Amino acid sequence: MTEQLSGGDMLIRSLQDEGVEYIFGYPGGSALHIYDAIFRQQKIEHILVRHEQAATHMADGYARSTGRPGVVLVTSGPGATNAITGIATAYMDSIPMVVISGQVPRDLIGTDAFQETDMVGISRPVVKHSFLVRDAEEIPSVVKKAFHIATTGRPGPVVIDVPKDTTDPFEQFPYAYPETVSMRSYTPAFAGDLTQIDRAVAAMLAAKKPVFYVGGGVILASAWEQLRTLVNALGAPVASTLMGLGAFPGTDPLSLGMLGMHGTYEANMAMDGADLVIALGARFDDRVTNNPEKFSPKATIIHMDVDAASINKIIDAHIPLLGDGSWVLEQLSARLAQALQDQDDAAAQARAQGLEVWWQQINEWRAANGLNHNLKAQAGKPILPQLAIQSLYKVTQGEAFVCSDVGQHQMFAAQYYHFDEPRRWINSGGLGTMGFGLPSAMGVQMGNPEATVTCVTGEGSFMMNMQELSTCLQYGLPIKIINLNNQALGMVKQWQDMQYGGRHSQSTYSDSLPDFKTLVEAFGHVGIKVADATELDTAMTEAFSEKNKNRLVFVDVWVDPHEHVYPMAIKGGAMRDMVLSKSTAAESS
Amino acid sequence: MRHILSVLLENEAGALSRVVGLFAQRNYNIESLAVAPTEDTTLSRLTLTTRGDDSKIQQIIKQLNKLVEVVRVENLCDGDYLERELLLIKVRAEGEARQEVKRTADIFRGQIIDVTAETYTIQLVGPSNKLDAFIRAIDDVSILEVVRSGVSGISRGSAD
């Protein structure tokens, strides 16, 4: 006989059957039947946050670092609306997430009941899909569909809005979790078009100045091994988007680092000068292309994406490659390897010579204006934020998960911490959500309990979700927080310096900042403050010492408040148009 | 350029709001919209007219296809098609104008479906531009109310 379960129990059982380990959430009236179902089981651990936004970022960090979907549970009304920022963050970066929100009972929907909000409506523009549960019996199939949609094709967040009466403990229904799901209106692309793949191979063989432009899609598709094979076969440089860092090893000589608004000089110059741009799982974001009219003017564009709507959206692709990243890259590598083998000696030699000239050019760019990764601490001088990232990189041997907030520190981390592995660099790229860093790091630590997890933040971003320090104590999360404290909203201030004549409108608050060391100590954690560059490495080493292995450590690094992030794209220009330092900024303005 | 998109949609609560929301969210324009169930009661047919260059229309179609409840999208303007729209128009019909309105309606093959001492209500079916022409042909001051159904369309020839 089939098991009889209430709607609330069916919901939790469905999550168990889906293999869910953690639910990140916060209880409230409409979700209480579900919370009772959680209490009466042991398989899934619920993580109680201090604010629903943090629950979504935790689930997000968990998903980004493990590749498994994150699960969130909130109540109706304010619980649901507080989750919106985190849902939008996941949506913009295509992160698989299932968000379950309590809803008022069905007969109260539409009556402006207590804690009622139209969650399906309010979340509609920032979800991949959403469900309002109509009957308790449909809960297992809705959960199955939600996970299927969240994790396949271009991943994204899915909301399930659950009216309280459908989880009533006194009404029971036969439970069976569906084994398969079939939806006639949802069939994500998988296999690509081999004709286009062959055209891409031919273009790669013919190119004298090829460049890979690698985005987060390669990581989402778990296709980094295929990418590495392909890149090494072609021997072309790799420029990575903010979201793609780590798909190809950052320390590999073929890597040019990040491209775009704050990308490296050599990456942006290579994109501008290329005769072939191989865009893989990237979406030609405005923070990458600068002025699309002036984007890579001489290049043939190959564009691989799983989302048809990304292709030809901003930049027309000469060779579109629609399909699953791992499938397409597998085929591309295999066919390129074969084509290279079949090439006659003359052609092979011509190709090698072309590439050599290209690399010479790139190396000249790199030598002239590349980032300096050997910064030296100077006594008596303020700490450069770049130096702090370099120190973090050294102490963690480049192997930490780095979860970032949003602003200057995010760009410094992206520039100066080299990621050799995918899923290690966790940041809100698309939405640019301040307050993302700490909770996402918590989700990463939950998903990777043995790993070194750091949060690179600034005092502005940190204060947007610092209440989660309490959650960190509750669950013993030994995150290392590196706070690049410039006593201002640094990126806003930088723009005001560069574009608004130095008028710092509402971007400073230095007289009212808390003493962060005391603050984190009050939350039961370890605080370290460092303001002298010569003491930076010592402070960093102490934070990651054996003594602090199981403690959350907050390193408050007082950095030079006047430092800007460079290079910086010149608005409306081509990718080659960059400001490289404060002195050149003055010249160009 | 004007395009007529024919969208097959799961007949579910909230599906229409996703389509309409998509247009608002991405700054696409909807000129007209007609929606009703099909012979398969689990599906609705939504016909909408919009304007844009080819790349914009391509993007609209791709974004529509991404909606989970959208089963199929067809741009009727890609091939031969038929379009019809229903117009109900109430006009003042007094004195000399009464004859004039009737003559104009006859020329356009409209039918008078309601009559009072002062007004006619006329029904007219045809492509949108025919309805536009009829409205232009009626004296502005005598038009009391205009109701249009939005465009419905279907491709010519045997089903594919």
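Analyst: Helix H9 (residues 224-234) of chain A packs against helix H12 (residues 325-342) of chain A at an angle of about 25°, with their axes 9 Å apart, and H9(A) and H12(A) are therefore roughly parallel to each other, a term that covers angles under 35 degrees. The model is predicted, so that local features need pLDDT of at least 70 and side-chain atom pairs count only at pLDDT 80 or more, whereas totals for chains, interfaces and linings use all residues. Residues are numbered from 1 along each chain as its sequence is written, while chains are lettered from A and ligands numbered from 1 in the order in which they are written.

Helices (H or I, at least four residues) and strands (E, at least two) are DSSP runs, numbered from the N terminus; axes are lines fitted to C-alpha atoms, for helices over the stretch in contact, and angles run from 0 to 180 degrees between N-to-C directions. The crossing of H9(A) and H12(A) is left-handed, that is, the near helix is turned anticlockwise from the far one by less than a right angle. On the H9(A) side, the residues in contact include Leu227(A), Leu230(A) and Leu234(A), and on the H12(A) side they include Leu329(A), Leu336(A) and Leu340(A), where contact requires C-beta atoms, placed from the backbone, within 7 Å.

Leu227(A) is also among the residues with the most contacts inside the largest nonpolar core, which has 183 residues. Such a core is a set of buried Ala, Val, Leu, Ile, Met, Phe, Trp, Tyr and Cys residues joined through C-beta atoms within 7 Å, buried meaning that 20 or more other C-beta atoms lie within 10 Å of a residue's own. Val277(A) and Tyr213(A) belong to that group of most-contacted core residues as well, and Val277(A) touches Tyr213(A), with Val211(A) and Ile301(A) among its other partners, not counting residues up to four places away in sequence.

Turning to the strands of chain A, six of them form an open, parallel sheet in the order S11-S10-S9-S12-S13-S14, two strands being paired if DSSP finds at least two bridges between them. Its edges are strand S11 (255-258) and strand S14 (319-322) of chain A, each of which pairs on one side only, and neighbouring strands are turned by 15° against each other on average, direction ignored. Helix H7 (residues 194-206) of chain A lies across strand S9 (210-214), strand S12 (276-280), strand S13 (300-305) and S14 of chain A, running at about 130° to S14(A).

How values were computed:
Two residues are in contact if their C-beta atoms, placed from the backbone, lie within 7 Å. A residue is buried if 20 or more other C-beta atoms lie within 10 Å of its own, exposed if 12 or fewer, and partly exposed in between; C-beta atoms are placed from the backbone. Angles under 35 degrees count as roughly parallel, over 145 as roughly antiparallel, 65 to 115 as roughly perpendicular and the rest as oblique.
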